[in-house]
Amino acid sequence: MLSKVISEDLIRKTADALEKAERIVIVVHVAPDGDAVGSALGMWHYCMTLDKDPVVIVPTAFPDFFDWMPGADRIVVYEKDKEKADDLLQKAQLIFALDFNVPQRLAGMAEAVVQAPAKKILVDHHLQPGDFAQVVISYPSISSTSELVFRLICRMGDFEKINLAAAECIYTGMMTDTGGFTFNSNKQEIYTIISELIKLGVDKDDIYRRVFNTYSEHRVRLMGYCLYKKMKIYPEYKAALITLTEKELLEFNYRIGDTEGFVNIPLSIAGIDFSVFMREDGEKVKISLRSQGSFPANRFAADVFGGGGHLNASGGESYSSLEAAIDKFENSLPLFKDFLEFDEQ
Ligand code: 5GP
Ligand code: MN
C-alpha cells in the first residue's frame, strides 16, 4: 500500500472537476523535459480512458528522444501552432498545469493559460507554487510530477485505468527526473510504483535505452568537446562550469535536447559538488545548475540569475552576454562558500 501523500480534499476536487469537464487541456513548462512530457501524456492517456477529449499543449518543442512516447505525435506545440492552441485553451473546461509552479515557466504561453476561463488544477513538485490555479496539488518532496500523476489517478480509484501507454509515460518521467534513479530516488515507494508499472508491461531497460542511448553522433562529439575544451574547474569552491556559444552549438549541428544532461557530468569528478552549464540561446543565456549534498543550487539560481528550481537541480536565464553571466557566476562563488561541505580533517 502506498502512503496517501495527496490530501483527500484535493483528490475529491480533482475527481469532481474531471467528472464535469469534457474538453481538457494539459499544459507543461517551456523546453519540456521527460517529466513534463511523461506526466502530461500519462494524464492524457488516463483522460482518454474516461472518454474525455484531452489535448496536451507544450509551449515549445521537446527533444526528439521523447518522440517514441505513445501519444507524443498528438502533442500541440504552442510556438508552432499558436492559433489552434489559443482556441483549445479558450474552449477548455479544465486545464491541468503539470510540472511547473508559476505561469512564467510557460514563457509565451503564460497569458493564454492564465486568461483561459477553464478551471485549473496544478500538479507539481517545485517549491513555491503560484496562485493561478483553483486546485493546487503541490508536493515538492515527491521526486517527479509523473509520480504525482500516478498517485493522483490511484487515489481517485482508477488504478485499473492506467494502461501500458500511460504506464510507459509515467515511468519515463520518474526515470528522467531522478537521472535514471541516481538522485532524489531514495524513497522506497518509488520502487513500489515501478513494480506496479512493470506489472502493467513497462520494459524499463528498453525505456532507458530509448531515452539515454539514442543520441546523435553530433551530441556525443559535442559532449566530448565540452569536457575536453570547455569545462572549467574551481577546486576551492568544489565547482565546475561549462559554457557554449551559439557558434559552437552551430558547429556541432545543435538540436533541441542535445545538451541535456551535460551539466550533471562534472559532478562525477571527486570533490565537485556544484556544476553549472551555460549556453547562448538567441538574446538570452540559458543556465542549468546542479549540486549534490546540501549545496543550494536553487538559491544560487535565484540570487544570481533570477531563476529557481529544486535544491539540487535548478535553472535560470540571463539577458546579458555570456561573458557577463560567467563573471556573475565567478563573482558569486565566494558568497556561497559557507554552503560547501568539506570533509573533517
Ligand atoms: P534545467 O536545468 O533542466 O533546464 O532545469 C532544472 C530545473 O530548474 C527545472 O526542473 C526547473 O525546476 C528549474 N528551472 C529551469 N529553468 C528555470 C528558470 O528559468 N526559472 C526558474 N524559476 N526555474 C527554472
Ligand atoms: Mn519535474
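1. A salt bridge is a side-chain nitrogen of Lys or Arg within 4 Å of a carboxyl oxygen of Asp or Glu. By that rule, the count between domain 1 and domain 2 is 1 salt bridge. The structure is a predicted model, and the values below are computed from it.

2. The protein is divided into two parts: domain 1 covers residues 8–212 and domain 2 covers residues 217–339. The C-alpha centres of domain 1 and domain 2 are 27 Å apart. Where they touch, domain 1 supplies 10 residues and domain 2 supplies 8 residues.

3. How much area do domain 1 and domain 2 bury between them? The figure is about 730 Å², with 58% of it on carbon and sulfur atoms.

4. Which side chains form the salt bridge named in point 1? D64 and R255 meet in a salt bridge, at 3.0 Å from N to O. The distance of 3.0 Å is within the 4 Å cut-off. Sorted by class, the side of domain 1 that touches domain 2 has 6 nonpolar, 2 polar and 2 charged residues. Between the two domains there are also 2 residue pairs in polar contact, counting pairs with both residues at pLDDT 80 or more.

5. The next point concerns the metal. Four residues coordinate the manganese ion (ligand 2): D35 (OD), D99 (OD), H125 (NE2) and D177 (OD), at 2.2 to 2.4 Å. Along the sequence, these donor residues follow the spacing D-x63-D-x25-H-x51-D. D35 lies in helix α2 (residues 34–49), while H125 lies in the loop between β5 (119–124) and β6 (135–138), so this pair ties together parts that are 90 residues apart in sequence.

6. Over the whole structure, a search finds 23 salt bridges. One of the salt bridges joins the side chains of D16 and K20, again at 3.0 Å from N to O. Where do D16 and K20 lie? Both are in helix α1 (residues 8–20), 4 residues apart, which is about one turn of the helix.

Note on methods:
Residues are numbered from 1 along each chain as its sequence is written. Chains are lettered from A and ligands numbered from 1 in the order in which they are written. This is a predicted model: local features need pLDDT of at least 70, side-chain atom pairs count only at pLDDT 80 or more; totals for chains, interfaces and linings use all residues. Side-chain values use heavy atoms; hydrogens and water are left out. Domain bounds come from an automatic or database domain assignment. Contact means heavy atoms within 4.5 Å. Buried area is the accessible area (1.4 Å probe) that two parts lose on being put together, summed over both. A polar contact is a pair of N or O atoms within 3.5 Å; within protein, one must be able to donate a hydrogen and the other to accept it, and residues adjacent in sequence count only if both atoms are side-chain atoms. Ala, Val, Leu, Ile, Met, Phe, Trp, Tyr, Cys and Pro count as nonpolar, Asp, Glu, Lys and Arg as charged, and the others, Gly among them, as polar. Donors are N, O and S atoms within 2.8 Å of the metal (3.2 Å for Na, K and Ca); water is not among the atoms, so sites may look incomplete. Helices (H or I, at least four residues) and strands (E, at least two) are DSSP runs, numbered from the N terminus.
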